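Dear colleague,

I am passing on the structure below, followed by some notes on what was found in it. Please read the notes with the coordinates open.

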Amino acid sequence: MPLVAGIDSSTQSCKVVIRDSTTGALVRQGRASHPEGTEVHPDHWWAALQEAIAQAGGLEDVEAVSVGGQQHGMVCLDESGDVVRPALLWNDTRSAPDAEALILDAGEGDASAGAEYWASSTGTVPVASLTATKLRWLALNEPANAERTAAVCLPHDWLSWRLAGYGPGTGPSSLELLRTDRSDASGTGYYAAHSGEYLPEVLERTLGHVPVLPVVVGPLEAAGKTPSGALIGPGAGDNAAAGLGVSAAVGDVVISIGTSGTVFAVSDVPARDASGLVAGFADATGNFLPLACTLNATRIFDATAALLGVTLMELGELALSAPQGAGGLTLVPYFEGERTPNLPEATGSLHGLTVSNYTPANLARAAIEGVLCSLADGLAALQAQGVEAQRIILVGGGAQSTAVQQVAATAFGLPVFVPAPGEYVADGAARQAAGILTGQLPSWPLEGVDVTAVDSTEAPEFLTRYRQHAAKVAMG
């Protein structure tokens with residue numbers, strides 16, 4: 001049984017799973033933590049990877065390995081292969097003014113025209129998370145480091161390069177051996193997902209020169225070998241790898257309910273949304289991965305449970321004891337501002353209060369319905385970009401609640417599949433590694449729960465009511 005390894009190098013930690021390439025059975029695994037912060041030296045990722053590999057029993061008997069990683073992080077290398085400065089991660093917001101400047105510059109002072117340019121050229125309107133905005137920040141604030149930068153790569157690219165035996169001091173020729181994939185490249189802001197090409201003019205406009213960039217390899221093309229001879233897969237950004245981990249295909253929409261919410265789909269149509277709500281990424285199979293984010297998800301459940309003095313399990317039980325629609329209560333859950341729609345200064349609001357409906361059960365139900373309605377708006381944004389949604393794959397910590405599952409099926413109006421909890425990103429990387437060995441992605445079994453959608457051609461009343469209140473919030 002050939003073994004393969006999948007790596008998830010996330011913001012918080014590094015996880016390694018080793019699986020049977022034929023059956024997908026888990027053989028062993030390991031984990032190590034990353035330091036906190038929005039600025040981290042890549043050496044910490046490498047150290048954590050070595051620790052996680054050791055916990056997983058090493059890679060000596062593994063025939064292929066692949067890395068799924070946090071997207072957008074800026075890793076700058078000099079001519080010798082040394083890291084120029086600590087990497088700026090996706091959640092580092094210091095480049096927010098640079099994102100705004102890039103939009104205005106592209107539109108010659110007209111933000112709408114600038115957004116249209118970025119949506120049509122890269123598929124994504126700049127925000128602070130994108131690598132391109134961080135390069136502009138670097139050029140303006142640390143010009144010596146910008147000038148010293150000979151190559152720019154992403155966290156998963158750098159780890160794959162290190163796994164191939166390259167790194168500090170390996171020289172200019174080793175920079176030419178950097179490799180990446182479409183999914184991660186599409187989150188940089190200087191790669192056009194629809195055409196598969198880098199945009200050197202964006203790099204000139206941000207960093208001030210065109211550095212060496214990782215070669216974009218195909219979905220099942222080896223990116224190199226480890227010193228022991230194991231094939232290295234192209235890897236993927238974390239969302240694309242998670243899509244592989246749950247075997248998402250065209251027609252599937254993956255909705256992740258964690259601290260924030262993420263809605264993304266495997267689509268054969270590229271997204272080009274000038275509103276900025278949908279990012280037009282690529283996936284790890286040769287298709288596209290339009291994605292929308294919400295800022296408010298399980299923290300709303302946590303806050304409501306704390307207010308009611310119940311556990312999260314009890315919150316779900318309370319919600320299921322209330323009628324659909326929570327007796328007319330509607331929670332617009334913009335507690336921490338919102339990203340979809342783009343309302344960073346918004347706050348949460350509770351509507352429709354009466355003496356009769358102001359009960360713990362209705363409040364619990366309104367909290368869950370509000371979060372799921374917000375995610376339904378993310379789904380609608382994807383559908384407006386041509387996404388054909390046939391099934392929802394519901395993942396994340398919040399997805400394990402029976403109440404959330406039932407409300408989701410009603411709010412989305414689609415069949416819902418809830419995979420068993422797992423390391424979806426690492427599993428997706430392992431599945432890609434198995435595909436490198438055979439030339440096609442394996443069909444590993446995936447356990448989970450199917451939730452049947454309510455058979456209706458109309459949106460449920462509570463979703464219609466939610467959208468009316470949310471529209472008023474957006475209008476101020």
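At a relative accessibility of 13%, D427 counts as buried, where buried means under 20% relative accessible area, exposed over 50% and partly exposed in between, with a 1.4 Å probe and protein chains only. This is a predicted model, in which local features need pLDDT of at least 70 and side-chain atom pairs count only at pLDDT 80 or more, while totals for chains, interfaces and linings use all residues. Residues are numbered from 1 along each chain as its sequence is written, and side-chain values use heavy atoms, with hydrogens and water left out.

The partner of D427 is R19, with which it forms a salt bridge whose closest N and O atoms are 2.9 Å apart; a salt bridge here is a side-chain nitrogen of Lys or Arg within 4 Å of a carboxyl oxygen of Asp or Glu. This pair links distant parts of the chain, 408 residues apart, with R19 in strand β2 (residues 13-20) and D427 in helix α15 (residues 424-438); helices (H or I, at least four residues) and strands (E, at least two) are DSSP runs, numbered from the N terminus. R19 also counts as buried, at 15% relative accessibility.

The structure holds 15 salt bridges. Another of them joins the side chains of R148 and D78, at 2.9 Å from N to O, and it links helix α5 (residues 143-148), which carries R148, to the loop between β6 (75-77) and β7 (87-88), which carries D78, 70 residues apart. Here D78 is buried, with a relative accessible area of 9%, whereas R148 is partly exposed at 39%. In a further pair, the side chains of R94 and D92 meet at 2.8 Å, N to O, and both residues belong to a network of salt bridges that links E39, R85, D92, R94 and E142.

Leaving aside residues up to four places away in sequence, I392 touches V253, I255, L379, F412, L414, P415, V416 and F417, contact meaning heavy atoms within 4.5 Å.

With regards
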